[in-house]
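This report goes through selected local features of a predicted model. Please keep the sequence and the coordinates at hand while reading.

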Amino acid sequence: MLRRSGPTADLECHVQPLSTDRLGEPLHTYPAVTVSVSNLRPESRGTVHVGGPDLSVAPEIGPNYLSTAGDRIVATKSIRHARRLMEAGAIARYRPQEMLPGAEYQSDEDLIRRVGDIATTIFHPVGTCKMGSDTMAVVDSQLRVHGLAKLRVVDASIMPTIVSGNTNSPVIMIAEKAAESILSGQ
């Protein structure tokens, strides 16, 4: 944990035996390993807005990555953590060379700038249809959209904040809760 103490992790490390410029693009042809770190407790908050009345227009998404000082601190510490992993004896003997962000970047300021250039999603967005009873909540505790009859939201968007890990299992639980509510007539 880098930022706080508590019962759940702040970071998730992914170590993959591959390298690519971006997810979904062709793999590099040389032997490589990719170490990526996910901030599981981000403070930064993004936005999603409808793009207009035409449903074929994509929504306007502003992820606002690294928009808080706390997230920038976690990002720099994460890079340093990944570097230490690659210096461990079992791996160091292979003499891995850092490509991104680049070993020449050492200061917090340089690392934050470089992280901003290479950071990306890991496809676990949450919170756009928050569950609750406050003014920002979109659905109630039965996942019904406030103010609309017979419409529910059943996915990760109802989570007010992200869970400390992958969202798959919690979404299955959300779906099971929704099924029970629907079947019981709630």
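## Backbone features in loops

Most residues other than glycine have a negative phi. In the loop between β4 (60–62) and α1, however, N64 is found with a positive phi of about 55 degrees, although it is not a glycine. The relative accessible area of N64 is 36%, so this residue is partly exposed. L66 is placed in the loop between β4 and α1 as well, and its phi is likewise positive, near 60 degrees, in a residue other than glycine.

## Salt bridges

R83 and E98 meet through their side chains in a salt bridge with an N to O distance of 2.8 Å. This pair links distant parts of the chain, for R83 sits in helix α1 (residues 69–87) while E98 sits in the loop between α2 (89–92) and α3 (108–118), 15 residues apart. R83 is buried, with a relative accessible area of 12%, whereas E98, at 30% relative accessibility, is partly exposed.

Within helix α3, the side chains of R114 and D117 form a salt bridge at 3.4 Å, N to O. Because these two residues are 3 apart in α3, about one helical turn separates them. In an α-helix there are 3.6 residues a turn, so residues three or four places apart point the same way. R114 is buried, its relative accessible area being 16%. A further salt bridge joins D134 to K130, with 2.9 Å between the closest N and O atoms; both partners are partly exposed, D134 at 35% relative accessibility and K130 at 22%.

## Helix α4 and its two sides

Helix α4 (residues 168–183) has 16 residues, which at 1.5 Å a residue should span 22 Å, and this agrees with the 23 Å that separates its end C-alpha atoms. The buried residues of α4 are P170, I174, A178 and S181. Why can these residues be said to line one face of the helix? When α4 is viewed down its axis, its buried residues fall within an arc of 80 degrees, and therefore they line one face.

The other side of α4 carries exposed residues, namely N168, S169, M173, E180 and L183. After α4 comes G185, which has a positive phi near 80 degrees.

Conventions
Residues are numbered from 1 along each chain as its sequence is written. This is a predicted model: local features need pLDDT of at least 70, side-chain atom pairs count only at pLDDT 80 or more; totals for chains, interfaces and linings use all residues. Side-chain values use heavy atoms; hydrogens and water are left out. A salt bridge is a side-chain nitrogen of Lys or Arg within 4 Å of a carboxyl oxygen of Asp or Glu. Helices (H or I, at least four residues) and strands (E, at least two) are DSSP runs, numbered from the N terminus. Buried means under 20% relative accessible area, exposed over 50%, partly exposed in between (1.4 Å probe, protein chains only). The expected span of a helix is 1.5 Å times one less than its number of residues. The arc is that of the directions from the helix axis to the C-beta atoms.
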